[in-house]
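Q: Can you walk me through this one? Start with the terms, then the fold.

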Amino acid sequence: EIGIEEVLESECVTIIEWANRFPDVLPADHLSLEFSQVEGSSDQRRIVAVATGERSLCWLTSVIENIG
């Protein structure tokens with residue numbers, strides 16, 4: 001069985017719901033996504049992305065450049 005630490009140390013993308021509940025486990029360089037409902041709309045969401053280091057910033061920049 002593999003633990004969360006081993007998963008986070010790998011080169012893969014790992015998505016963790018409610019990661020803010022255990023911030024000590026997250027690597028220093030990670031991408032944080034916050035989803036919220038758009039005011040006045042029941043079916044639209046706003047996503048705020050925060051890169052916390054060089055690697056996550058490069059990944060986020062690449063995603064933004066390729067959206068379209």
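A: Contact here means heavy atoms within 4.5 Å. Note that this is a predicted model: local features need pLDDT of at least 70, side-chain atom pairs count only at pLDDT 80 or more, and totals for chains, interfaces and linings use all residues. Residues are numbered from 1 along each chain as its sequence is written, and side-chain values use heavy atoms, with hydrogens and water left out.

Q: With that, what is Q44 in contact with, leaving aside neighbours within four places in sequence?
A: S36, Q37 and V38. Q44 itself sits in the loop between β1 (31–37) and β2.

Q: Is Q44 buried, partly exposed or exposed?
A: Partly exposed, because its relative accessible area is 44%. Buried means under 20% relative accessible area, exposed over 50%, and partly exposed in between (1.4 Å probe, protein chains only).

Q: And what is the overall secondary structure?
A: Two helices and two strands. The order along the sequence is α-β-β-α. Helices (H or I, at least four residues) and strands (E, at least two) are DSSP runs, numbered from the N terminus.

Q: How does the radius of gyration sit against a compact globule?
A: The protein has 14 Å, whereas a compact globule of 68 residues would have a value near 11 Å. The radius is taken over C-alpha atoms, and the globule rule is 2.2 Å times the number of residues to the power 0.38. Along the principal axes, the C-alpha trace spans about 45 × 30 × 20 Å.

Q: How much of the protein is buried?
A: Buried residues are 9% of the 68. As for contacts between residues at least 6 apart in sequence, 20% join residues at least 24 apart.

Q: Switching to E11. Where is it, and is it buried or exposed?
A: E11 is in the loop between α1 and β1. E11 counts as exposed because its relative accessible area is 67%. Its C-alpha atom is 23 Å from that of V48, which is 37 residues away along the chain.

Q: What about the backbone at W18?
A: W18 has a positive phi of about 65 degrees, and it is not a glycine. Most residues other than glycine have a negative phi. W18 also lies in the loop between α1 and β1.

Q: Where is confidence lowest, and where highest?
A: Lowest in helix α1 (residues 4–9), at a mean of 74, and highest in strand β2 (residues 45–51), at 95. The mean pLDDT of the protein is 88, and 96% of its residues reach 70 or more. pLDDT is the predictor's confidence in each residue, from 0 to 100.
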